[in-house]
Amino acid sequence: MKIFIDTAEIEEIKPLVELGLVDGVTTNPSLILKSGRNIFEVTKEICDLVDGPVSAEVASTDYKTMVEEAVALYNIADNVCLKVPMTPDGLKTCKYFSDQGKMVNVTLCFSAAQALLAAKAGASFISPFVGRHDDVGQSGMALIEEIRIIYDNYNFDTEILVASTRHNLHIIDSALIGADVATIPPKLVHQLFKHPLTDSGLAAFVADWEKTGQSITD
Ligand code: E4P
């Protein structure tokens with residue numbers, strides 16, 4: 001499963017790139033607002049830092065303006081993946097650009113029916129929001145299972161990009177189900193490293209090694 005980083009903060013992405021963990025990045029208008037940066041400047045910096053797709057979202061909701069915004073966003077770098085909302089105008093924009101071989105991520109997906117429509121419009125990625133789904137008392141991971149079955153039934157190329165991830169189980173379950181990508185906030189990536197038995201085991205090894213009086217580098 002690929003890991004995308006869900007942030008527009010350059011300083012959060014850099015150390016994760018150094019760890020070799022970053023297959024792509026997702027941004028949205030709220031993350032751009034949080035970063036306090038200009039969308040063109042920060043998206044360009046992220047695209048230079050990361051080899052994979054960098055999702056940049058349109059701000060308008062009508063087809064004509066979405067297409068104009070899309071052209072401007074695609075011009076930032078070759079690895080820009082346009083992000084459009086799961087609406088008729090969004091899917092029309094998706095089809096227009098996917099027919100030209102451009103990457104499109106359809107966002108704000110909350111049902112398997114929506115995921116089916118996005119795949120038929122040629123989306124490169126569908127973004128079901130599992131955390132927000134859980135928030136309203138529905139199972140985000142059950143939605144991922146349904147989409148996986150539907151896409152496999154018809155051999156759709158659209159990749160399932162699990163979004164709005166909030167905790168370790170969202171990531172583990174995504175991988176067990178066979179989602180193609182999980183986009184993960186940096187804080188949650190760091191949380192994935194942690195296990196109390198790793199910490200206590202390492203502390204014991206360090207203490208025992210000191211008692212040997214040896215050095216590996218001398
Ligand atoms: C990413 O593509 C989504 O916009 C993001 O994961 C949404 O996450 P949130 O529900 O925590 O805002």
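**Figure 1. Helices at the lining of the largest pocket.** In this predicted model, helix 2 (29–35) and helix 10 (186–192) each contribute at least two residues to the lining of the largest pocket; helices (H or I, at least four residues) and strands (E, at least two) are DSSP runs, numbered from the N terminus. Helix 2 gives the most, with three residues. The pocket holds about 360 Å³ of space. Of its 20 lining residues, Asp6, Asn28, Leu31, Ser164 and Pro185 are the closest to its centre. The lining comprises five nonpolar, eight polar and seven charged residues. A pocket is an open set of points on a 1 Å grid over the protein atoms alone, where a 1.4 Å probe fits, with protein on both sides within 12 Å along at least five of seven lines; lining residues have an atom within 4 Å of a point. The volume is the space filled by probe spheres set on the points, which are joined across faces, edges and corners. Ala, Val, Leu, Ile, Met, Phe, Trp, Tyr, Cys and Pro count as nonpolar, Asp, Glu, Lys and Arg as charged, and the others, Gly among them, as polar.

**Figure 2. A nonpolar surface patch.** Leu169, Ile172 and Leu176 form a nonpolar patch of about 330 Å² (residues with over 30% relative accessible area and no salt bridge, nonpolar side chains being joined within 5 Å; a salt bridge is a side-chain nitrogen of Lys or Arg within 4 Å of a carboxyl oxygen of Asp or Glu). Leu169 belongs to helix 9 (residues 168–177). Accessible areas come from the Shrake-Rupley method with a 1.4 Å probe, and for residues only the protein chains shown count as cover.

Figure 3. Most residues other than glycine have a negative phi. Leucine 108, in strand 5 (residues 104–109), has a positive phi of about 60°. Asparagine 155, in the loop between helix 8 (140–153) and strand 7 (159–162), has a phi near 55°. Leucine 108 counts as partly exposed because its relative accessibility is 33%, whereas asparagine 155, at 64%, counts as exposed (buried means under 20% relative accessible area, exposed over 50%, partly exposed in between).

**Figure 4. Leucine 73 in helix 4.** Leucine 73 lies in helix 4 (residues 63–74) and, at 4% relative accessibility, counts as buried. Its C-alpha is 17 Å from that of aspartate 89, 16 residues apart in sequence.

Residues are numbered from 1 along each chain as its sequence is written, and side-chain values use heavy atoms, with hydrogens and water left out. In this predicted model, local features need pLDDT of at least 70 and side-chain atom pairs count only at pLDDT 80 or more, while totals for chains, interfaces and linings use all residues.

Notes
Patches are made of residues with over 30% relative accessible area and no salt bridge: like charges are joined within 9 Å, nonpolar side chains (Val, Leu, Ile, Met, Phe, Trp, Tyr) within 5 Å. Buried means under 20% relative accessible area, exposed over 50%, partly exposed in between (1.4 Å probe, protein chains only).
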